[in-house]
Amino acid sequence: MTDLNNKYTFLFLTLLFCIIGTMGWSQNLQLKVVGDAEKGYNVNVYNGKQILLQNTEEFSLHMANLDLSENISIPAWKGAKWTGDTNKLTMSRDTYVSELDLNLTIHVTYEIVNKNIIKKSIDLFQSGMPSLYYSIEETAKPAVTPLKYLTFEHDNFPGGFVHEMFPSAGFVTPDNLVVGFLMDAGYKNQYTRTTRRRFNGHGGGFVGMRRLPDPALVSVATVAERENGQNYIKQTFGEMYNLDAGKEVSLKINPDFKKVGTVDIEHKEANYAINYKSNEQSGIEFITAMKDQKVYSLSFLSKGTAPIAVKLFRIKNGKKTVELEHGVKYIDRFPIKENEWTLFKGSVLVPYIENDSVSLFIGAQSSDHCNLQIKELQIVEHYPQKQPYNKLNMGEKATKTTYIFVEPWKNHHDFVISSQSRLAEGKGFKGSQIEKMLYANFNMLTWITSVNDFSPFNVPNMNYAPDMYNRDSFFSIVSSYNKELNLSIWEKWANTQTPEGGIATIITPYMGSIEVKDNEATIQWLIWAMMNKRRFGVTLPKEKIDKAVDYVLKQFDEDGDGICESRFTLSQIDIIDYQPKTNRLAVNQGMLAIALRTIKELGYDISDAYVEKAEQEYRNFYDVERKHILFDRNYPEIMSLTDLEPEFFSLWLFDRPILTDEMVSNQLDRVPMLNKVPNSPHPEFGTTAPICFRLTNDEKGYSYLSSDYQPFGEFGESNYADGSRDGMYYNGGSWMRAEYCAYAVGQRHGWKKAKAYMENRAWAEINLNPNWPYSKEFIPTKWTTTDSWWPSTRGLCWNVFILMADEVAGLRTPDMDPDYEKQ
């Protein structure tokens, strides 16, 4: 094993680079109190002598008792007194709320974090009633009319509410500064970014909710408001749209529809009969009257002989582009009955979509010679009742934290990067640029569970919302030293434990889930338990741990011979199950070894010989002649970077190798590095590697999987037949977490190219697609234009796990995390 003699040198250089970068953007931010004791005090923000924000208040507060019978507003709050200086100051006021017979104490604190960032906190406290609802609006007003407004996804935002993958907005001043506005994580600021729930009836997909929390979390002055001299960026916390209250307006259904596929359609008003003649996606399609930044409900009654597909798409210049994200989505097989009408109903939040049109498809995905009937098709536009839903409980302080950053304006690409890195800096996080960006993304995907449950909840990315998957939350949360997050979400998963001891795969708010299977979820939960015990000294729930240990041993090695057998892969490549159980997979064998060593540390009677046998069986997957680990013994030409994941776990958790230096180096040497780019840190190497591929004996040395040689059964036969998905998803997609961790393993084993590959892969995540400078679920390794990249992959949370990879590689230390506390 090669010793990392120079790890502290690299750590020093990384920190030095971060410091120099910050100094290069330096401003001279100052805080100035304006007002007097009679009218109240608020704060303006300056850059040197130049005023940037000239606010008229600190926030507006709306309150209600829990039955909503009393509603009270405190508009334009200002402090009654203040203390502090130009770098940190606090305003406060005690208010008697007569409608609730309640004393309310409020403090507002501004603090300059560094020369680019200001942190603002609003603290609310009451000790007079068990609980009350509240919402807060923070309105920042530019001192001079901006050149333009921008958001995370749009370079020139026209105004209205901002519902995007990352809650960030800003404006550009006439002298070319950008002033950006960020916020703390949702579990701290008590918001959620969920707009939908799982659909009922086992039909799959999502529908929008009837109670929409925080739709206007961020909003910007509209063009009309700007023309009237109103300029602002607003952050609103704790506001819910109630779609079952307020006004509704029915929209006219477009009588001009288009047939999709081979169908006959009979229609009268909003009633349609569809008869199918071929086994293809077929049905009826309309251009709807849906517009940007509004909320709608779509409903109809249906019956027939096939499940229904319902889809909404954006239409730009007459061409269909992407599916709408925030409402009806992925509904391919909504179950209906042949002789009984079934109601379909779901809300749709339409964010800013650049004034695109919206099309509606209703039909069947693949049903030969079936028939469907649709009646009472209706789309209504909502003007919903707005209600507060955040809770201020007796004797508990509630805090809202936001951030302002200021730096020279360059371009939108750099604004997107700064929105992420400045948030991390504002929260006290230290690290490289990619580490800051991933940390910020992780925070913005960790919010509250629901409007009735303020416990933390972590989602993979906005495409998966509102679902929390075990492996995603495990890799995401365990990357942080935040005690509250680690314990609360671990306990959430503990509550999914079945009577047999298994831990569920998914938790989805507002609906149930029955997905519990012998994948890696229960092993990860035990690893997480061990980490929580090490890091925080907690006492673990013995009964639950006992049951989980028993479940793992029975499910994966029932005969105790040290050989893993499972119906599922114990890694992320979960696109096939095995009936009966299989022992063909290298990663499964390695994860059994990790599970046994974890169980042993948790205090259970696991012999050293048993662990060593499991580890040897993992090593036995290394083929000496082929010089790589066999992903699947039945497909010896296929390799996967996930096969080094158990080795990473062993180095990370137990600081000991299982594989030899030769095994690891040979494995990594056989992985093709693709997407070479001249301006990457190491242009002689590629920037991304396929997670799964086939080795070949030709000059190229590799190929993507095909329908006739792939280990994924029907999935592979259907998706890998014509080469259209080469380089995509699990046919050669580049998954940062698995790839980066494999290189960290190489670093520990003395593989000379490890650091260069890590640096190139970090560069690729930010720069390979200049329009997407943020985390992705995967990066394609074969593409001609970035337009082919899947929008659904943007912002994957678990890539923050590279923080642990950098610790394993000696490139960062735990105390760089603001939540780290030495035990």
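Select S421, which sits in helix α4 (residues 412-426). Helices here are DSSP runs of H or I with at least four residues, strands are runs of E with at least two, and both are numbered from the N terminus. S421 is buried, at a relative accessible area of 9%. Leaving aside neighbours within four places in sequence, S421 is in contact with K436 and M437. Contact means heavy atoms within 4.5 Å.

A word on the source before moving on. This is a predicted model, in which local features need pLDDT of at least 70 and side-chain atom pairs count only at pLDDT 80 or more, while totals for chains, interfaces and linings use all residues. Residues are numbered from 1 along each chain as its sequence is written, and side-chain values use heavy atoms, with hydrogens and water left out.

**The helix pair**

Next, select helix α8 (residues 521-536) and helix α10 (residues 586-601). Two packed helices are described by the angle between their axes and the distance between the axes. Here the axes come within 10 Å and cross at roughly 40 degrees. Axes are lines fitted to C-alpha atoms, for helices over the stretch in contact, and angles run from 0 to 180 degrees between N-to-C directions. α8 and α10 are therefore oblique to each other. (Under 35 degrees counts as roughly parallel, over 145 as roughly antiparallel, 65 to 115 as roughly perpendicular, and the rest as oblique.)

Which residues of α8 and α10 meet? From α8, show I523, L526, I527, M530 and R534; from α10, show M591, I594, A595, T598, I599 and E601. The residues of this contact divide into 8 nonpolar, 1 polar and 2 charged. Ala, Val, Leu, Ile, Met, Phe, Trp, Tyr, Cys and Pro count as nonpolar, Asp, Glu, Lys and Arg as charged, and the others, Gly among them, as polar.

**The cores**

Select L61 and W652. They have the most contacts inside the largest nonpolar core, which has 217 residues. Such a core is a set of buried Ala, Val, Leu, Ile, Met, Phe, Trp, Tyr and Cys residues joined through side-chain atoms within 4.5 Å. Stay on W652. Not counting residues up to four places away in sequence, W652 touches F474, V478, M531, F801, M804 and V808. Apart from this core lies another, of 38 residues; L312, L324, F334 and V350 are among them.

**Backbone stops**

Go to A465 and P466. The peptide bond between them is cis, with omega near 15 degrees. P466 lies in the loop between β35 (453-458) and β36 (468-469). Then go to Q579 and P580, also joined by a cis peptide bond, with omega about 0 degrees. P580 is in strand β39 (residues 577-582).

Now A76. Its phi is near 50 degrees, a positive value in a residue other than glycine. A76 is in strand β5 (residues 71-77) and is partly exposed, at 37% relative accessible area.

Is N317 buried or exposed? N317 is exposed, with a relative accessible area of 77%. N317 is in the loop between β26 (308-316) and β27 (319-323). Its phi is near 50 degrees, a positive value in a residue other than glycine.

**Last stop**

Select V223 in helix α3 (residues 223-227). V223 counts as partly exposed, at 42% relative accessibility. The C-alpha atoms of V223 and I336 are separated by 45 Å, and the two residues are 113 residues apart along the chain.

Terms used. Buried means under 20% relative accessible area, exposed over 50%, partly exposed in between (1.4 Å probe, protein chains only).
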